[in-house]
Structure formats: structure tokens, C-alpha cells
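Here is a short note on how the parts of this model meet. Please read it alongside the coordinates.

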Amino acid sequence: MSQVNRLATGGRIDRSKPMSFSFNGKTFQGFDGDTLASALLANGVGIVGRSFKYSRARGILGHGAEEPNALMQLHTGNAAVPNPRATQVELFDGLVSGSTNGWPSAEFDLMEWVGKIGGKFMPVGFYYKTFMAPQKMWMTYEKFIRKAAGFGKLSLEPDPDTYDKINAHCDVMVVGAGPAGLTAALEAGRSGKRVIIVDEQNEFGGTLLANNQTVDGVDAATWAEQATAQLEAMSNVLVMPRTTAFGYYDHNFVCALESRTDHIGPVSASGSRQRLHRIRAHQVILATGAIERPLVFGNNDLPGIMLANSVSTYINRYAVVPGNRCVIMTTNDSGYQTALDIQAAGRTVVAVVDSRHAPDGRLVQQAKAAGIEIMTGHGVIEAQGSKRVTGAIVAPLDAAGDTLTGPGKTLSCDLVAVAGGWSPVVHLSCHTGSRPVWQEDIAGFVPGPSIQNQHLAGAVTGDYKLSQALNAGVQAGAAAVGVESSHVFDCGDESEGAAQALYLIPHTKPISRAPKQFVDFQNDVTAAGIELAAREGFQSIEHVKRYTAMGFGTDQGKTGNVNGMAIVAKALNKSIAQTGTTIFRPAYTPVTFGALGGRDVGVLLDPARHTAMHPWHLANGAEFENVGQWKRPWYFPQQGETMQQTLNRECLAVRNSVGILDASTLGKIDIQGKDAREFLNRVYTNAWSKLAPGKCRYGLMLKEDGMIFDDGVTACLSDQHFLMTTTSGGAAAVLGWLELWHQTEWPELEVYFTSVTDQWATCSFAGPNSRKVLEKLCTDVDLSAEAMKFMDYREGTVAGIKARIFRISFTGELSFEVNVPADQGHYMWKKLMEAGEEFGITPYGTESMHVLRAEKGFIIAGQDTDGSMTPQDCLMGWAVSKTKSFSFLGERSFTRPDTARADRKQLVGLKPIDPTVVIPEGSQIVMDPNQPIPMDMMGHVTSSYWSECLGHGIAMGTVKSGSDRMGQTVYCPQADGRVLAAQICSPVFYDPKGDHHND
Amino acid sequence: MTNSTHNAATDVMESPLHHHVAHTNAVDAGVVMTEDKFRGHLNLRGNPQDADFMAAVASVLGMALPTEPNTSVRVNGFVAYWLCPNEWLLIVASGAQGQVEADLRQAVADKGGNQHIAVTDVSSGQTLVNLSGSGLAQLLQKSTVYDCHESNFPAGKVVQTTFAKTGTTMCKLEDGSVDLVIRRSFSDYFFLWLADASEEYGLRIA
């Protein structure tokens, strides 16, 4: 197909590089340098999609981030990208694109008839009002609504692309590389400071690229190229095109999304597709420009109705004239420039329709001189056409633009260019909490005061002259680096006549009866809808937004918001300043979740911590369990075993011979200093003054509220040197707790703490044969029961390695722990496996460890306790010393009435009446299974396992006054209707006298 | 206790990153990683206002401990990183940590007072990794929020910060390369991150 709207010369496209692309299944040609939008317009494509609610045909309105209609579905299969704006998609050869909606096609859409028929029955708030009742039907309604409306679709397959993130720091960050941004970056760059300048487009220059003015006598686009080259030559300036600063946060933190390969192909051939730059800047210069406003009139959403400035941009930058016969509707002088551009491109300007009665600016004079028909004091009140505009009804207006003063007439045309004034891009400045301020003289919101180190330059301040933008950029750049500059740019005569503030052009019919006058195209919000919202009592602009959906969606009301606010203000009889504006939040334009995730996905999502013996566990088929960030062996299944069979085998090995556990993950804190003992006295519930070197002791740690927080064994290495162990998950919290109390409350205590968790690898082996295993490898320590007692600690040599040997037990069996520097941990493990081979030494994981300790009634802090249990609640009053000279953390709370009352929940053993039953953990406990609901909840099951060595299920649980209920039967009703009965007993099921671990 | 018995046999000693050494590639790699394995790492605590303590340490190390925040001192194979006002990391020759620890304790004891110090061997709990190459600057930008630009991170400066989702103590060297201290249990994660982040520059393991 031919590019019917392409000019033979001009523009910034490369005609020597034709590119083929498809849209809705048809193939078209464009050129390198095109956007998808400019290429579609070059080919005369009018309809690019269907509207959200009424399914009306929609065409391209703008040329950049503001575009509300031209949302595309790009690429196919797993590379599918939903909802980019065609105006921001760079064309490449082979690009596959389509509309995001329209059924069966955007061109011929059946839903439009639903929209037409149902339109008058679908007022604003329609969904809220219609589909919220009955509530149970919402799920059904939602399916229908989602199918009928909505935009692009994601692929359900994994994304083939990668995304990454990078941190950057600079002295000056410049957002926007239009005229103001370029001069700001040049000025700041010349100081030698670190500068970053980003622009969302493929080329720097912004409006300079589509401008027919001169800068200091140089053609504007050429000047932009020269300025960009100067920036690129500065080693201290980072120049980033195709990068959108989408979020501006506290402390001048700016997030920018760099599109790295989107302009090359559907999937990145190498490297990341997009990169998220997390930029921390000392000074931020916002040179974000302004967006032209459409005007609100009947059927103003027809394809062929575009922003005037966008029409000029398509002509000057892309050599595309999107129509043959153009009517320009303007409230200010800038519309005349578009008329001149159209005429220069060889197409017909039917008329410039100007709402002002006596415009007399420089451009008006130029247009007159060029013979262009000008209708002053008129407005386009309605567009005609179905799939494309075919005519504009024009009628005379009074001076205020409020009232029609005569009958309308129809101008035949296929393009209506609308110039309704400008809206500064205040979005980024809003992100940091600065409320935009209405500026009457420019009829627009400008950024309000900011507490950031922020500078503004150019059109964002409401000053739209090119020379002013260039000069303001110089001043902002100089201010940001603390220098002065007096350079002033000359762009020739830029005088303009006064603009008229006009938003809604009146119709012959009242708003509610006139053809739809669209305010927000993407969300199908009309002037009538906004009026209705006001009539229904919505007064806050934020409420109107949410009721009508104005300003939602991917464009966030970039074109429609101000018009909508003006209509709200008028309906409420207030000024726009009184009505105010909604607040823009990040992101300025949509950001992929991929970029936000970066490389923190898959195995990199969360660090997996490994012990020195991890390779052995992997090689020996361990299944792993996450304990904090640690990967701990859960169990070691052998071929053909169920998990329960594995656990039974592992547990019996420990009870009957010897098993080995990797306990390296337990937190270890090295404590040194002459006040170490006193410190332990204060943070543990029990007494440490008399613990002799070479001895270990179990300790309970409480928070101030008297509740158990962590537990573990601490060994006395020498009089002023201790090694504390913590739970695997609690290590960092415990170290922080110790440091907190030492640094803030007891700095006078001479004690230092150092984490040695990673320093020591710990092999824990338990069972009646464990001593025999160790004796084979260790000859310099007397390991006999008499010489090395339960809870003793020795230094010795094991398998030729200096080791710390502890005789401690979490299984109830005779048990040793050998700690060696982790570099030798894997070796030590292998030597113990070798030495234990003759005894059938069996590696076991955390699950068997849980069973073995539960058989002994040992608690796991965090499983059997939940931050609401005292030592007494756990029947561990024996671990609380009442004779310490200084108090200990949590002691005072024991005397609180709630902590001291007798009917607290206590941790008891639960023996299922049916020995084959294992009660599910978490089961609620009741005393009377026949009690009507709501039943009295007496507690719950905290730990429950099958005990192979005992031949029945065992459990621990909390029960109100449990220690007084020994022998009573309790019941655990299940979700499936079963009621499991159990008898309250001591939690020590196995070897209650402790003969085994004392062996 | 001290740990001075080091058997250098490879099947006995395994550095945190030992199993990644085979992962060599990219001749003109933009990132080069070298694990300076089995160095002695000692965590030292003491009062820098105590002249006796400072003198005792200086007598063993042959250099004064750094007291300026985030700085390091490097003499004769000894490196001392300032970690906080009363904490330093000493990196000594492989296997020397036991002797240095004993010497430090003795030197402090010889001063006669009852100085409050702590010396803790952490050699096995962490490893020293050097990163260099043309891709280093961007690699660091990807991996840490700290500003590693020359103006903010000059040679000799020591920074305790995050590296991706793990922590590190890093020091800039005169040759522009960076030494990182990485905890053993996080070293596999560290390497996975490093390999991924340096893919576009090429990674060589020296």
C-alpha cells in the first residue's frame, strides 16, 4: 500500500530505509524514524481502536505520552506487549501490531451497537449502580464486563526477556531534553559536575525537532543536534535517550525506565530489554514541557480530530499530513502555526475557527497574509461522521464563549486540528507531594512549591516561548551547579496575542442532550457525565475522578483533566482554582512489572544461604526446607521411600545407633569481656555467675513483656569468653537485641559481641553409638561418661582438625556436637560419615530433628511459642532464676495480673486416644465436642508427629490451665467432621528420667 | 580459642567460592573475579581512646589502627579496615590468624591493665573477593546503592553496604579494583548474582 499521507521531502525520517509492518493483519510500509503512529497516519489508517465503554471508533489524537486512544497490542506469543501508545512505539521492520480491542475488529465492531443502544442507559457510575447488587452476582457480571471492555492482553507464557536495574548518582539530573533541558544540561555539564539527562524519545530535542523557528540564527532541529553532540562529548554527562523518568520521590530519588531493545525487535537478542535506573541526584531540573489540550464539543472523539500541535509535529518531524481538508479549532495563536504548516505541506486549510472575536497576533497576520480563511468568534460545536470526521458544524459564540449567538453551518473536512491551550507537565513535581497551582493568565496548572532541591525550566512553568525555554534552561542549569550565566538566546519574533480560556464549546442542545462531548477519551468520560456527577452531589474533584473514572487509565488524564476540572468548576459555580486538581502519582507512563522486578527473580529473588556441607547434602539426595534464608536438609529419602518411611528410618537410627545432623545454621555469637557473665544474667532468665569454663547451659531469652523470644545453649569457653547459640532464624534478631541493650541501657558493661554463625560448621551426631564414632577420630580428649559429662565442652582434635566439642543433646540421646572452622566443615562431615559407617550412621534432617525433640518435649521457639508464652506457660519455670542480684529482661512482667493468673494456656503433651492418629498441627482444642457453636476454644496443637519408636502419634499443644488437667481428655474437631480425642500428659514422651542423654 | 592448625590439603580446606572456580570463560572479560582464599580474618574490638590498647595493637601489626571512619591501613600484608569506632577487621596472611590473635592478646596483657578487648577469628566465616575490569563500575552500580564513583569512593575507603541482597564490606584499591568481604553462607548467592550481572561484560575467574 502506498503512503498516501507521506510528503515527498522533509521530516526526520530516512526514506532510504523503508520498513514493513503490520497492523490488524494488514501490511503497511513506513520509514526508519517513524513511530508506529506516524506510519499509520502516513498510510491513511484512521481507526486505531475502540473506546472503553461505548466502543466508539477512535483515532490517533496526539503524538507522545499524552495519547489516550492509540493503545496497541504489540508482537505475538510470549513476546506480546499490551497497551503501549502507538505514538511512543518506534517502528522497526517486521513490527506486528494491532488494536487492543474491538470485536470482531476495530474497523467493524459489533459492540459499537451495544454502545449506541445502551449508551443512554450507561450513565456515569453505571457499573457501580448496576452491577453491585446482588453482590454474589458480581463475579458473573465482571466476566462480561471484562470481555466487553478492557485493553491489551498479556501472554500467559513466561516473558522471554530479561530486565535489570542499575543505581546511578549525579549532581544534576535533567528530566527532558527539549530546549530547556538541553540548555540546562549544557550549562550544568560545563561546570564539570556529574550530570544525567534523560528523554523519553529516541532523539533529543523535543519540540525543537518539529519547529520551524531558529535558535541564534540556526535552524531549531540543527541546533538540537549540535547541543546533543556537545553533551555527548562531555565525559561527565550521561546522555540517555529512550529513557522515561516516571517517578520522582523524596530526597531527589528519580526512577527512570530505559527502553533498550524495544525499538529493535519483539525480543531482545542479548542483554536486558528494559533497564530501570534508580537515580539519586543532588539537584533535579524538571524540563518536562507542556501538552496541548483538546476542546470539548459534540462527537469530538471521531477519528480525524487531533491536537493541532500534533498535526504540526507529524508534518514537520515525520513528513506526514494526516488529512486533506483541515479545519482548525483554536482558542489561541498556536493553532495558526498548524494552519500554516498544513498549507505549506500542500493540503487545504478549510478554515481556522477561532473562539476569540478579535485575534491580531503575529501568526494570525501571517495566516491572513497566506490567504487562509479565518472565522473569528466561532466554535466547532459538533463534528460529523461515523468512522471518520466528514464535517464540522461551526457556530458563532459570544465573547465569553459560553453562548451560541447564531445558527451553525457545516464545513466539509476530513481533519479537525484542535488547539485548546496548554497544560504544563506537572506530573513529576506532583509525585513529591507538591500540589499544582492554577495560574489564571496561562489557564493552566503549574508546579507548586517544592521542598526538594528542584528547579523548573521551560514550558512546565507555563512560559511557552522557545527563547524563554532556552534561557530558563540556562538559568536552571547554572543555579543547579551554583554558577551564574548571562547567555540569552535569540529566536526571532515570538510575539503572540492573548489566548482565551475555553474548555467546553456550547451546543445548540443542553449538555445532557447534545451529542457526546468527550473529556477523557480513554475512559469515555463526557461533559454530561461530569455534570451528572456534580448534580448527584460529588463536590470534591477527587470524588468526581473516582465516580466518573476521569483521569484514570494509562494516560492519567494528560489531555482531559483540565477540561474536566473546568466543567466541574462551572457546574459547582466555583473557580478552577477553588475546585483544584487531582494529584498525579507515579508512574508518569506505564512501567513493566519486569523492570520493577529486575533481576531479583528466580534463584535471585531471595538469597539462599548454604552451609559448608551443602554440596554433600545435594549429592546425597536431601530434600530441603527453608529456615529463614537457610536451605536446611529436611530429610534424606532413599529410593522408594515415602517421607514418613524416611523419617521413621532416620529417627530409629538415632534411637538405636547414631544419626548425624548439620546444625551449622544455628546462630552463634561470640561474647568476650569481663562483664560477659553479668550480661548473660540480665538477658537470660537463668543464672550464669557460676557456670565454669568447659560447661554449657540452656538459656531462655524473654522480651520485656516476659514472653519467650529465643532459646539456646551457651558455653563458657573461658572465664571471660562465652559462645551463645540461637535459633537458626533468630540469630540476627538476637544479636541486635544484645547490642540494643548493651549500647542503650548498659554501656558500662565491658562486653563485646561478634557473630560467628558463618565461622563454625557444626556436625551434631546423636545416638547410643555416637561416642564410639567420636572416639575413632578424637584421641586427645577423654570422652568417657565420667570425664566428659552431659553439658560439657572441650577443645580437642577431631580428624586432625582443632575442634570445639560439645556434649549437648536436642534428641534426648547421647549426643555430641563438633564445631570446626567452616573451611573444614565439609571434610569433617565426611570423616564422621566414614567413622560412623560401621554403626550405620544415618544423616537426618530437620523433620526428624523435630520428631526426636518432640518425643523429649523440647520446645522450638517460634513453633511451640508465639510471642505470647512465658516460661511458666511452657512449664519451664525451672529455667527461671529468682535469686539474681540484678533483674533480668522480662522478670517484672511475671507479676502482671495477666501473666500471673492461673488459667493461662500452658504447653502440655497430647497423646491421641487412637494411637494411629496424628492430630493436624494447628487443630483447635475443646473440652466438650458436643458443645453448640460457638464452642469454648481451650487452645491449639503446636507440634504433632508420628513417633516410630513409641509406636503412636504424639503432640504438644497449649491448653487453658493445662498443667492442672493432666489425664483429662480433650477434643480436636476437624474441618472434615472428624473429632480427634487426646489425653493431656507430660510433654516428655520418651525417656522421662533422661537416662539416655546422661549415658 | 584460637584456630592455628590449618591443613592446606585441598580436600580438607574449602573456601566459600571454591566450587565456582571452574567457571572460567571470556578471554577479554569486562569483569574479573579473584577469590583471595583462606586469608586470616580477625575481628578486633577495643577502645581507640586507650593509648595502651592502640600501642599494643600497633606493636603487633607494625601499623596504627585506622581511627578515621571508613578508612583502611595496609602494611606488609596486614590490612585493617575501620568498621565502627571500636571495631576493626584485620586481614592477615593465610594461616597466620591464630598467631596474630595470640600476639594481640599477649601485647595487650603486657600493657598491664585490664583492657577490654575482643579478638575473634572469623576467617572461615567470610572470604575476600577482588573484582576488577572495564565493566566493574557498571557491575557495582547494578549491585549496590552506594555511589562507587571515584569522587565518593577513593582508594583506601572502606564501606559497609549491601551487595544485591547480601551485605558486604568493600574497599577500593589503588589499582581501581575493589576488595569485597562476603559472608560464607551468602557466597553462592553472591556468585549467582555476580555471574548474572556481569554476563553482558563477560566474566573471568582468575
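1. In chain B, the C-alpha centres of domain 1 and domain 2 lie 25 Å apart. Domain 1 of chain B covers 16-38 + 124-206, and domain 2 of chain B covers 39-122. These bounds come from an automatic or database domain assignment.

2. The model is predicted: local features need pLDDT of at least 70, side-chain atom pairs count only at pLDDT 80 or more, and totals for chains, interfaces and linings use all residues. Residues are numbered from 1 along each chain as its sequence is written, with chains lettered from A and ligands numbered from 1 in the order in which they are written.

3. Between the domains of chain B, 13 residues of domain 1 are in contact with 12 residues of domain 2 (contact: C-beta atoms, placed from the backbone, within 7 Å). On the domain 1 side, β7 (126-132), β8 (158-163) and β9 (166-172) of chain B each supply at least two residues. β8(B) gives the most, with 3 residues. Strands are DSSP runs of E, at least two residues; helices are runs of H or I, at least four; both are numbered from the N terminus.

4. That domain 1 side of chain B has 6 nonpolar, 5 polar and 2 charged residues. Nonpolar means Ala, Val, Leu, Ile, Met, Phe, Trp, Tyr, Cys and Pro; charged means Asp, Glu, Lys and Arg; the others, Gly among them, are polar.

5. Across the chains, 43 residues of chain B are in contact with 40 residues of chain A. On the chain B side, β2 (40-45), β6 (118-121), α3 (136-143) and α4 (187-197) give two or more residues. The largest share, 6 residues, comes from α4(B).

6. The side of chain B that touches chain A divides into 12 nonpolar, 19 polar and 12 charged residues.

Methods:
Contact = placed C-beta atoms within 7 Å.
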